[in-house]
Amino acid sequence: MSAATPILEVEHLSASIAGQQVVEDVSFTVPRSGVTALLGRNGVGKTSTLRGILGLIQRRGIVKFAGERIDTMQTYRIVQKGIGYVPEEREVFSKLSVAENLELAERQKNPHREFVARLFPDLVQRRDQQAGTLSGGQQQMVSVARALLNDNQLLLVDEPTKGLAPKIVNEVADALAAASKTVPILLVEQNLEVVRRLADRVVVIVGGRVAHVGDAAATLDDADLVRRLLGVHVGDSAHGGIAPARNAGEGAEGGQHA
Amino acid sequence: ACAPQSSGESGAKDGATLKVGFVTSETGSWGANGPMVKDGFKAGLDYLTNGTDTVKGIKINVTYNDDASDPDKGVSTVKTLVGGGATVIIGTGVSAVALPTAQLAAQNHFLYITGGASSDAITGINKYTFRAATSAGQIVNAMGAAAGDLRGKKVLAYSIDSAYGQSVVAGLTRYAKTQGATTESVLVPSTVTDYTPFSQQVLNSGADLVWVSWSGSTTGAMWQSLKQQGVLAKKTVASLLDASWSWDAIGPVASDIPLLISPYFDGANDSDLVKAVNKNIAKSGHKPDTYTADGYNAAAMLVHAIEKGGTDVDKMINALEGYSFEGMRGPVTIRATDHGLIEGMYQSKLVANGGSYKAELVKRLDGDQIAQPEVKPTPAASR
Amino acid sequence: MSSVVLVLITGLGVGALYFLVASGLSLIYGLMNVLNFAHGAFIALGALIGWEVAEHTDAASWWSFLLSLVVGAVVGAAFAAFTELVLIRPLYQRHIEQVLVTVGLSFAAIALFDGIWGQDLHSVKGPAWLDEVTVVAGAHIANIFWVLIVAAVLVLGGLSLFLRKTRYGKIIRAGVENRAMVTALGIDVRRAFTLVFSIGGAAAGLGGVLAMHYMTGVTPEIGSSLLIFAFIVIIIGGTESLVGTAVASVIVAVLQQFANTYLWGTGDFIAIVLLPIVLLLRPSGLFGKRA
Amino acid sequence: MIAMKLSFDVLRKSGPFIIGAVLVIVMALLPMLNIVIPGVLPGPTYQPGSLALLSLCMVYAAMALSYNLLLGTSGLLSFGHALYFGAGAYGLGILLSRTGLPFWVSTGVGLVGGLALALLSGAVALRTVGIAFAMVTLAFAQTGSLFVSRSSSLTGGEDGITVNTMNVPAAFVGILNTKNLYWLALVVLVLVYLVALWVDKSRLGHVAAATRENELRLRVLGLRPFTTKLIVFAIAGLMAAAAGMVYLLLQSGVGPKAVNYDLTVTILVMVVLGGVGYRWGAIVGGFVYTLLDQRLTALAQSDAVDSLPAFLRVPLSQPHFLLGIVFILIVMFSGGGIAGTVDSRIRRRDWRRAAEAALPRAGGDESVARPRLRP
Amino acid sequence: MMNTPHSALKIEGLGLQIGGATILKDVELDIMPGARVGVIGPNGAGKTTLFNAISGVVRPTSGRILMDGRDVTRLDVSKRARMGLGRTFQTSSIFPKLTIFENVRLAAQVSLGGNYSLLRFPRRSDAASRLAAETIEKVGLIHQQDAFAGEVSHGDKRKLEIAVLMVTDARVVLLDEPMAGVASGEVAALTENIRSMHAEQQSTLLMVEHHIDVLMGLVDKVAVMYSGTVLAFDTPQNIMNNPLVQSAYLGTSA
Ligand SMILES: Nc1ncnc2c1ncn2[C@@H]1O[C@H](COP(=O)(O)OP(=O)(O)OP(=O)(O)O)[C@@H](O)[C@H]1O
Ligand SMILES: Nc1ncnc2c1ncn2[C@@H]1O[C@H](COP(=O)(O)OP(=O)(O)OP(=O)(O)O)[C@@H](O)[C@H]1O
Ligand SMILES: [Mg+2]
Ligand SMILES: [Mg+2]
């Protein structure tokens, strides 16, 4: 396999939940290194795209991992090929202890327990606490930790910093930055600062289709593009500004359709 | 299409055929015994009509139905049959079906002959209802007759806590009174899994004679426990011998039960009638068993009723009241006042026979000696 | 004195029987959240096949007894695996439906057994020792009780070990809560489910054979009649705990024996009254975790 | 075009109502008609056997409707609903035979008794939730069942009791009067349906539906799930008691099966068969189950089955085997039961129409999610 | 702060222990009517637990909670809600099988009374429905209003939570991370909604939010929680300049 083939190729992926189509026709690739950010407004289908890739929801289309078709495989086989997943809603097993949650995630002989322990010392201290009683942020830590325990060839990360205190946000971002040196990451994130820090490329979804693909910095610096695709008035997120962002979605047709 | 104006009983009036609805429990909790009644009835009808199913030119048209031991199904089956023109309903061993059916018989003026149902309440319930099976009261009397003199003794009834068990207790109490004996009872809830506590109660009672009245799948465990707690060794025990499928369960302790009463078993009687009926049963690949005799009774009653009454229900009833005939248990008389059956029974013993057991006759108990006491008609019952 | 000993030891023995028929149900319900109404059919099939083994071998010998236990367990496991694969698996995450297919299965299976074996009692005569009694402090204890108690302890130990020493307990508990996420960790959760169901079935089959020997015979209804007690002890014990089931089995059985001996045969009321009382005081049972 | 669309809308809105009304009228006329449905009914529709069977269907349909109020509307899984059915049947039966009360007074007393019993037991059972609730209700029903089997002097034990017809209006006595009982059952079914509809449409019903979904959320809004559930539970109990009374008259008696937990499971099966949460589904479920249950017995007895080779005959001659298999198939292959399946078919069709109508507009504003097309 | 009867919410010596763990310890807060208070602190500091205690979802093991001077420590959740306490949940808590519209409508209907009535029927045209429709429009969920709440995206569920709160006329409002998962493009609009809700209802607002810029722009006081206790309660500027906050929470001083 040449280093040039992307680690993940998604072609004409559509996905549905309970017979209802939620991703229409998405195509993009994730290169073998760096962070690719998948962006879009609420409900456009970012999470569903990730779940479709993993086979957690019904999907059609072609998905290739390291050149191999995985779109008809069962989820656990796909994951065993070396994919780590941080789900959007944490999805810790609330009746299991923290330690049990982490143990279940271990797929290899020598999991990176120390690395995770250093990143989230809180979790070590709370080994035996039922995961369901953890605070929101602590659950998020468990969720991220589960993905970092193994050597993966690709990480699918859905809003990893949601609900984390600013300090931990930085730490998680650091950890992902470090991880991205060895593992390619497909990242969904609403915090544009984190995106700016981590991402090399962005893929923007609008209305269930890819509307724009481009270099991360260039895209985020294009105020007009960001406003059209994401509805963000540049400067908003940085200053918590409250300029009304009504009707921001109008005219997305000007976007660079993939 | 519209409903015809005259509905219901029209079927009976054409004279050439008589519609008979036969209801039995092929499945469900009474499913093990129901087919025996059916065998006896079919074989009997075959024998009495020489295979023609015709009596005095009247063709008997029997439909066989399964009530699945379920009152819902039983009652709606009866309604369907009667609504479809049946003037005679025969069958069911389930008292919860038999009792409402008896009531329907009175309301709708059809002739009802029960199957294996042993409830005492059927006797004397109304003018339209006849019984074909031994009653619980008769069985108690049979036990008493076999036990001999009970004066001054204490008799204990050991049974399942059910309507049946309670009627056993009532029957025993009444009987004991006439004999100058006293009674006591231990009734076991039907859901019990372990009988040790109840065996203990029996053991610790002051009873001289223990009357065990039991049926169903817990029979083996109950006897085992009586034996293990030493009841069989220390008390005189009497019991009913049920159908042959239960013999393996009671067999291991049978030698410790001096008094075994049997309504009927294959080999209890070897009259020509029984031989002929047995031959008919054999044709279907089955064997005569305890409730076969009830089925034969029903057939004999039906044939006689038609002979004397044609298809007229009231005439049929008149014909049956006081009727005497020979059944598989010997002579049978239908008491005119309450339709009680005066009919013999057997004292038996169970002996090992290869890997299993076989019933043998000890003595026949005469019908008059064991008859259920006469039931005085109440105003409600006559309606 | 001797009657108190009798109540206690037979109570323990009946408790062991309850635990034997409830353990598989408890495992499946505690881990998979499927209240398996077909458990009675598993028990019945184990017992009926155990009876066939006894019929076709020298039933009075110990090796035949052991063989019938093994065969009963295997048959129970196979039936359960079939159930899981064909009926439960396609309905995953539809709990009510899962429960309902087991209701349908218990209808169908028991009717089928009725058709094959008939509804009469099939008596069995095991090793003679089982029918004899051992006298303890004046109380006559039927020997079958000792067998039941030993078997229950072995089953409890075996199942606990299975849960403690393997990942399966964890996988299933996690899988019940969020099956998709378990697969997203690279675990084949379906295999784990089938395995646990089969183990539950094996316990049921074993319990069925022992219950048959205890009752000296079998009908296709044998499981259904015990199922209600199995439900009661599982709920009283707390659905997440096998030990809870065991303790509840003994408590219920001893109380029943006591009430049946001294309180006019009110043992069945005791179990049924105990259930709401425990649940009102501790909604998740004696050993259940509080919500 | 517009007119057509309008009339279509009107039809959609009032369609179910019209269909329902027509069905009720047809049902009411059946005893006067001579319709033969081979295999389904034992005879022509005017005959007592068919009417009795249909009446039984209606009694169970009413019972299923009341259960749907628990499970479908409020999410309460009760294993003890048979208790109230049994209370109605036994209550009326005992009142008729033990007291001299006139018939209609007895029914009134019976209904009030059923309501009181439901209120009392509900007030205790509803302190628990989930499977614990199911088990507490089961325990109550078992207590009732034990009571019935233990006090044979009052309840007749497992023989049950038969109706004392002296106090029953003559119109309800006798097989030839089955049609009157049939009409009674129909009236009760329609009434029960209307009450269920009423509850579902009322504010209480909406709150109950929310209770089913998320109790904590409801409490945080300031509402009391307990009160809500208790009212619904009591209404359902009352409806069950009414169904039980009709059952008593129809069957000329009642046995312990009417308080058994098997009956509750049977009702649960009916509701699921029809589709949890659908009122008309509960009715269909009640009919389908009862017909299957009764008629499969006839099929199992038929000569056609008798002549089959053993490996087919043995299972097929067991009505419960057939019933169990049919039931499993329905649960497995029609998620949402009969009503759920039909409903999603209709909705899918409507959806297409709506989606097509929306398409021309959709291009304008892409960031706003469009109606999604279902496959 | 004086112990005036005017306090909208007053918390005295609140403590909570579960098993051996101390989750809350001597929490003291006194909040005047109409105030907008931010609550910050590291993950696991006890912010959500504090909200749970105030709303009655958990019972504290010590201390008192007063609303408008009235002790509510022992009152049931729904009773407190009827007294005017409203809240959102960190993990969206909705009625998944009711539509977005029905979710909001139900909340709007509560304050109208007759909730257990069999004689009143919800209609599309009544006051509650109109209010619900307006609010759904405001939070930007109008295109989803007939979707089942359980079937919308995560971010849309967050908006639903806010909408539900907006239609109840709660006087004391607790918001637990309302912005978590909301698309960056919609944060501003939602912030504006919260601000106007506060203005219209003249309520008292408590809000946990890790989106620190949003929070600081919205509140006039900030409480800092750390290990189950309130360390500081001050103006946003002072809090931002607090070295402990910078090192332990923001991680900027390092
Ligand atoms: N369980 C479900 N059933 C039906 N539709 C669903 C379900 N979950 C999500 N959807 C729909 O799928 C679409 C895409 O949702 P998805 O969660 O992928 O969006 P997202 O881009 O991740 O949004 P967010 O930023 O809010 O997380 C949404 O419009 C939503 O309505
Ligand atoms: N049963 C328990 N045993 C031990 N610790 C517990 C238990 N329940 C809760 N905790 C701890 O209580 C603390 C308070 O959690 P809480 O949810 O209030 O935090 P939070 O401040 O809201 O955090 P976040 O910002 O992550 O949402 C957490 O550290 C949690 O782990
Ligand atoms: Mg998402
Ligand atoms: Mg929190």
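Start with the magnesium ion that is ligand 3: A:Thr47, through OG1, and A:Glu88, through OE, coordinate it at 1.9 to 2.4 Å. A:Thr47 belongs to helix α1 of chain A, residues 46–54, while A:Glu88 sits in the loop between β6 (83–86) and α3 (98–105) of that chain, so the pair ties together parts that are 41 residues apart in sequence. Please keep in mind that this is a predicted model.

Are these two residues buried or exposed? The cut-off for buried is under 20% relative accessible area. A:Thr47 has 17%, so it is buried. A:Glu88 has 10% relative accessibility and therefore counts as buried.

Now the other magnesium ion, ligand 4. Which protein atoms are its donors? They are OG1 of E:Thr48 and OE1 of E:Gln90, at 1.8 to 2.2 Å from the ion. On chain E, E:Thr48 lies in helix α1, residues 47–55, and E:Gln90 lies in the loop between β6 (85–87) and α3 (100–110), so this pair ties together parts that are 42 residues apart in sequence.

As for accessibility, E:Gln90 is at 14% and counts as buried.

A polar side-chain atom of E:Thr48 is 2.6 Å from an oxygen atom of ligand 2. Taken alone, ligand 2 exposes 650 Å², and the protein buries 89% of that. Which elements give two or more residues to the shell around ligand 2? They are α6 (136–148) of chain A, and β2 (21–31) and α1 of chain E.

How many residues surround ligand 2? There are 21, and the closest are A:Ser135, A:Gly137, E:Lys47, E:Thr48 and E:Thr49. Because the surrounding residues come from chains A and E, the site is shared between chains. By type, the shell divides into 13 polar, five nonpolar and three charged residues.

Backbone atoms take part too. A polar backbone atom of A:Gly137 is 2.6 Å from an oxygen atom of ligand 2. For E:Gly46, a polar backbone atom is 2.9 Å from an oxygen atom of ligand 2.

Notes:
Residues are numbered from 1 along each chain as its sequence is written. Chains are lettered from A and ligands numbered from 1 in the order in which they are written. This is a predicted model: local features need pLDDT of at least 70, side-chain atom pairs count only at pLDDT 80 or more; totals for chains, interfaces and linings use all residues. Side-chain values use heavy atoms; hydrogens and water are left out. Donors are N, O and S atoms within 2.8 Å of the metal (3.2 Å for Na, K and Ca); water is not among the atoms, so sites may look incomplete. Helices (H or I, at least four residues) and strands (E, at least two) are DSSP runs, numbered from the N terminus. Buried means under 20% relative accessible area, exposed over 50%, partly exposed in between (1.4 Å probe, protein chains only). A residue is near a molecule or strand if one of its heavy atoms lies within 4 Å of it. A polar contact is a pair of N or O atoms within 3.5 Å; within protein, one must be able to donate a hydrogen and the other to accept it, and residues adjacent in sequence count only if both atoms are side-chain atoms. Accessible areas come from the Shrake-Rupley method with a 1.4 Å probe; for residues, only the protein chains shown count as cover. Ala, Val, Leu, Ile, Met, Phe, Trp, Tyr, Cys and Pro count as nonpolar, Asp, Glu, Lys and Arg as charged, and the others, Gly among them, as polar.
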